[in-house]
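Please walk through this structure with me. Keep the sequence and the 3D view open side by side.

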4 protein chains.
Amino acid sequence: MGMIGGGKDAFIGAIHRIAANMDGMVELVCGALSINKDIAVDSGRSLFLPEDRIYTTYEEMLEKESQLPEDKRMDFVTIVTPNFAHFAPAMMALDKGFHVVIEKPITLTLDEAKQLKEKLSEEGLVLCLTHTYTGYPMVKQAKEMIQNGVIGKVRKVSVEYRQGWLSKQSEREGNPGAAWRTDPKKGGKSGVMGDIGTHAFNLAEYATGLQVTQLCADLDIIVEGRQSHDDGAVLLKFDNGARGVLMASQVAAGEENNLILKIDGENGGLEWHQQEPNTLLLKWLDKPTEMLRAGSPYLSPIARHNSRTPGGHPEGYLEAFGNIYRNFALTLAARINGDSQENTAIEFPSVEEGIRGMAFVDSAVASSESDKKWIDFTI
Amino acid sequence: MGMIGGGKDAFIGAIHRIAANMDGMVELVCGALSINKDIAVDSGRSLFLPEDRIYTTYEEMLEKESQLPEDKRMDFVTIVTPNFAHFAPAMMALDKGFHVVIEKPITLTLDEAKQLKEKLSEEGLVLCLTHTYTGYPMVKQAKEMIQNGVIGKVRKVSVEYRQGWLSKQSEREGNPGAAWRTDPKKGGKSGVMGDIGTHAFNLAEYATGLQVTQLCADLDIIVEGRQSHDDGAVLLKFDNGARGVLMASQVAAGEENNLILKIDGENGGLEWHQQEPNTLLLKWLDKPTEMLRAGSPYLSPIARHNSRTPGGHPEGYLEAFGNIYRNFALTLAARINGDSQENTAIEFPSVEEGIRGMAFVDSAVASSESDKKWIDFTI
Amino acid sequence: MGMIGGGKDAFIGAIHRIAANMDGMVELVCGALSINKDIAVDSGRSLFLPEDRIYTTYEEMLEKESQLPEDKRMDFVTIVTPNFAHFAPAMMALDKGFHVVIEKPITLTLDEAKQLKEKLSEEGLVLCLTHTYTGYPMVKQAKEMIQNGVIGKVRKVSVEYRQGWLSKQSEREGNPGAAWRTDPKKGGKSGVMGDIGTHAFNLAEYATGLQVTQLCADLDIIVEGRQSHDDGAVLLKFDNGARGVLMASQVAAGEENNLILKIDGENGGLEWHQQEPNTLLLKWLDKPTEMLRAGSPYLSPIARHNSRTPGGHPEGYLEAFGNIYRNFALTLAARINGDSQENTAIEFPSVEEGIRGMAFVDSAVASSESDKKWIDFTI
Amino acid sequence: MGMIGGGKDAFIGAIHRIAANMDGMVELVCGALSINKDIAVDSGRSLFLPEDRIYTTYEEMLEKESQLPEDKRMDFVTIVTPNFAHFAPAMMALDKGFHVVIEKPITLTLDEAKQLKEKLSEEGLVLCLTHTYTGYPMVKQAKEMIQNGVIGKVRKVSVEYRQGWLSKQSEREGNPGAAWRTDPKKGGKSGVMGDIGTHAFNLAEYATGLQVTQLCADLDIIVEGRQSHDDGAVLLKFDNGARGVLMASQVAAGEENNLILKIDGENGGLEWHQQEPNTLLLKWLDKPTEMLRAGSPYLSPIARHNSRTPGGHPEGYLEAFGNIYRNFALTLAARINGDSQENTAIEFPSVEEGIRGMAFVDSAVASSESDKKWIDFTI
């Protein structure tokens, strides 16, 4: 693995490295870790990278790595730069023949996402989009139970994602993560929807297996002086007729990272809270609610494939992230070994999810600016 | 107290009697407990009413009671019939000089609610609307903290009210409560919004002290063959600029009576769950979340006035209901004694809340049927 | 109902009145509400008692009430004085032919409890001991499930009862409830064990249907200067070979009234928390834990008999207390009507539980003072 | 890192590898992963170890590794064999100059633990004992708050550790982990106390900073036919006069890994649940309970050093384990670099904790077999 972005003090780069390291399947071998050369070099050294594989631009890295013998060069590149700086390195990496891992949202615009898809298809390469929350075993369990009809036809989907870290105008107080996220040129059309709304949207579609067809959005800038949305709510219609409500806020004072999913079906319901991710509530019309727990023997093989410990040894965010890397690494390994991959447990979000996420942001913004109630979800 | 409706097996009548009894301030002295004469008589006897005060029609009861000497006749009447049968007995009761307690929603239509208001004003009588959930001490604590600026300006209000008891078409399976609630002629324009949406709406306005000015609703009939909405979501705008989301569902399979309120302010947030009503979460931007607990000495005098036990001795729905009766009874007692009531702790929902509730249903239905995104909240 | 003790500002008297009122089956008709005559009279008036039935000593009350015609006099007397003042009025009440409700612990000493039993048997009267916590529907559900073998043979019982209100030496700061409870002459041999240890002990025996046969106790005075135990732990052996641990503390700073029961059986386990009393956890060896909820249709008839509202309308401490009064009142009514009582749902704690409670305190104190590990539980 | 034990399907070996990998500071370079040669070889290959560093006995590994040049050979060895097979490889590793990581309990007997201590002191090497639960940031936060007097003098410590996986006689059903743990020759004197009681004991002493001085134990074999204790309760006295209760059970049907710590102080209390490890409850006498959350900026530097993600991105068991490895690795790195280690955040359990753990098992067993109530805690 080579890494673009993710130097010292960059939150998400460190998370990617831990997730990639965790299962001993991926090794960081090179990096262009910052656009600031000093930081790039310092960061590379502190990660014990060999001096000649500490690069100061991604172009240099991709160029030089592509010239290394096949068994020496990195297998894939991970892009953990701010949103506006995803597309160019991703295109170049694909061009040079490297598989790509990208932090979400996939690109700055829907059009870029579509170009990536085309490029991937031309090159026959693999892209992994780190929608972490679908890496949790209990989310996978929920998905499978719905697929198997356990709760009957899905009727209603509620997903709320509440954070409080942008309650003040932190972007003016030297918080660089806040600064680029609230700058439409760097973070995209809608700060809150790009940053966390896409996660909520992806989680809802992933778990239910449904697709949004229409939506009605109210996106807002709550903190005075801010340049991008920091709060929003979206009414949803799904392709099976189910209704949904998606809320995303970064000004919910005192909330950490409170992502909650509730799915109501004809015969039962499911509820999952990211902050206590090892429990999945299964509600019944006429029987007691059951608490399904990660690591339990009664879970599906897919849920068990995506955990490492027995019940009561809590796994968390890093393990969910690790599941995405592990499944991506297993997929690459299968390609290298020429295995035909039959194992449905080995899955991870890809460019399709990236495109739908960008389309969600576009459609939500269009709806929010429209007087019309329902807007078609358009790709 | 005299009671109209609420005979044997009627859920809410028994609740009203317990709530009224609880504090030893109110006594049931007569009733017209059912439109079925046998049930009316049987129910009256089983409640130890004197034979001559077991009435078989409300007209008879109001007529005869009004002819009793002042110190013998009932002080007020409680109306716990289905929604369509609130208005006529309420008007007649006021006409005969009785104060009135009405189960929510106040009437079948907004117009009826307005007529009640006018009549009340003419007669100088008191009406109490049993929006039970505002009777909880921790809701009152939340209201007061917001009033006092503890969390700063309110920015976002989320209220969800989820039940599952209409997941099947129970109205065809001999459930009389389901039958009239899902019949628009008896339950009103929108089943779910009249039955529980009004509670959620009232709770949001009560706790925040704000008023809804615009809304955008999606109301649906989820269960095939049903005549009235059983699920809905409404985007809200409040008069201080805050945004809100209200969800109400009676087809959330496996949910009991799951009413949750979350309020986000500039400096902190509040969260309350009706099913664990003795805890109020107070979230801060940069300090640990606090768990305020009913019955605690650090609560406001108003919250303490509305509880009976010290912390850790859980009070519940019946006590919240009892608080409404107790405050109503204290108000009547003050009138009788000629006290000028200064105690702001002694409050309960009245005709104003009833009118706003009916206007909410009307506006939500209008919005749901409109292609326009935002509809003004109109009374 | 006549009441001895329970005047203004006495916590438990007010609780008894609410519990008795709740279901409209019991009416307070007279009282000797305080040993302070002024308080007795004031309290009686504020409760709307007729002047001639406001008594200033319990002797006067029992004497005069017994001379009233049978249909006028009170049916039973409730004794809510401090522990040391239970026995004499109870004996006199029985002597005068009145049934008795007593707040726990039943008496100051085991010997007194035994005398009460004998007297009851001579007079053919009924005594009800208000071990409130066994009045909760989910405790009754647990008891029945164990009886029916749902979790198999009980192997281990853990019961902890933690309060913090005696963390400081409140008895010196004008808290009268703290003063008598920590005075061995008024509260009994062991403050904490008499006050709350007996509840925990009773709950453990009630729910499991087992009896303690041996115990090993460590009782302590944690707060310097206090005269009576404020903390203790007791290892238990039950008559089926099961082991147990009982903890009771009144110096667990910040705890309200945290009574938790955990029962482990061969095939499953049960867990109940008094502060969230409407949920009973049912754990299985190889299936998800189930959350049984009060008011649910799948509960046993006994649990349903002991609740008033459907699921999600939380009942609490006052309703649990009310269940004891209601079952007591139903029992008296059945006696008056000459019904043979067959309904096993109609039960409440009696003198037997009182005797076992006092024996528990005695045995725990003996054990705590002994160098020997195990002490037989002796009555 | 070299590993002894931990081959395919051995639970704890895989956990150690993930924990060691996580932060990119430790690399597995060799192993003697099973006493079964085929498994040893297969396991080594599946972990991508070089063929010449896949050993089939620990003696061979320690011998050969010690002959490699200093910059090639492993820095330390991790011993994850069953309890009875800790001592010999640990002694030999120290003899050959390798630092040692040992899974708890440190050895089979107290005497072996003492010998290890002496050997360590002779060789000047470092031993790390993986008492995982003290690696959690919120446990470290609790420890520090107590040290700083936040809750005042500790008065009572309750620690319960409940598992259900030995509810049936799994040792006869081909569960090898159950088999050696319940065999006193392999698992030690007391199965439950060695396996999880030592964790609970260590956690209580670690968090409070206190030491047990006396105890009174009831250890039992609940499952018929079992050879070793599977359940026990221990009353404790601490060196500051505080009292404690420790419960450990492996027959609590339906429990996963439910370790709960409650500490009561003069002014407040702390409560932590391993299964929801990111929350620490801080209870106050007269203020609302606070929920301290891992990853929050208001935590102590030590707690923050021991976490990787911001609040709301849950970390779990593997991260707690990783903290022990990371602190151990940082300590070795500091020795290699000749840094004088001043950072008190960089700590991990060592041979002292191992000795106290073995002494706890010995004392508990002695007490359980004695008729005397209190036994001195003896090392």
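**Where the chains meet**

Between chain C and chain D there are 24 residue pairs in polar contact, both residues at pLDDT 80 or more. A polar contact is a pair of N or O atoms within 3.5 Å; within protein, one must be able to donate a hydrogen and the other to accept it, and residues adjacent in sequence count only if both atoms are side-chain atoms. The model is predicted: local features need pLDDT of at least 70, side-chain atom pairs count only at pLDDT 80 or more, and totals for chains, interfaces and linings use all residues. Residues are numbered from 1 along each chain as its sequence is written, chains are lettered from A and ligands numbered from 1 in the order in which they are written, and side-chain values use heavy atoms, with hydrogens and water left out.

Stay with chains C and D. Eight elements of chain C each supply at least two residues of the side that touches chain D: β6 (154-162), β7 (212-220), β8 (231-238), β9 (243-249), β10 (258-265), β11 (268-273), β12 (279-284) and α12 (351-369). Helices (H or I, at least four residues) and strands (E, at least two) are DSSP runs, numbered from the N terminus. The largest share, five residues, comes from β6(C). By class, this side of chain C has 15 nonpolar, 13 polar and 18 charged residues. Here Ala, Val, Leu, Ile, Met, Phe, Trp, Tyr, Cys and Pro count as nonpolar; Asp, Glu, Lys and Arg count as charged; the others, Gly among them, count as polar.

How many residues take part in the contact? Chain C gives 46 and chain D gives 46. Contact means heavy atoms within 4.5 Å. The size of an interface is often given as the accessible area lost when the parts come together. Chain C and chain D bury about 3500 Å² between them, 49% of it on carbon and sulfur atoms. Buried area is the accessible area (1.4 Å probe) that two parts lose on being put together, summed over both. C:R155, C:A253 and C:K373 supply 18% of the area that chain C buries against chain D, more than any other three residues.

The rule finds 12 of them between chain C and chain D. It asks for a side-chain nitrogen of Lys or Arg within 4 Å of a carboxyl oxygen of Asp or Glu. One example joins C:D218 to D:R243, with the closest N and O atoms 2.7 Å apart.

Now turn to chains A and C. Nine residues of chain A are in contact with nine residues of chain C. The two chains bury about 750 Å² between them, 74% of it on carbon and sulfur atoms. In chain A, A:P288, A:M291 and A:Y298 lose the most area to chain C, together 61% of what that side buries. Strand β13 (residues 289-293) of chain A gives the largest share of its side, four residues. The residues on that side divide into five nonpolar, one polar and three charged.

How do the two β13 strands pair? β13(A) and strand β13 (residues 289-293) of chain C pair in the antiparallel sense over three bridges. Two strands pair if DSSP finds at least two bridges between them. In β13(C), the bridge partner of A:T289 is C:M291.

**Inside the chains**

Look inside chain A. Strand β4 (residues 99-102) of chain A pairs with β5(A) in the parallel sense over three bridges. In β5(A), the bridge partner of A:I102 is A:L129.

Finish with the backbone. Most residues other than glycine have a negative phi, and most peptide bonds are trans. B:F48 has a positive phi of about 65° although it is not a glycine. A cis peptide bond joins B:K104 and B:P105, with omega about -10°. B:P105 sits in the loop between β4 (99-102) and α5 (110-123) of chain B.
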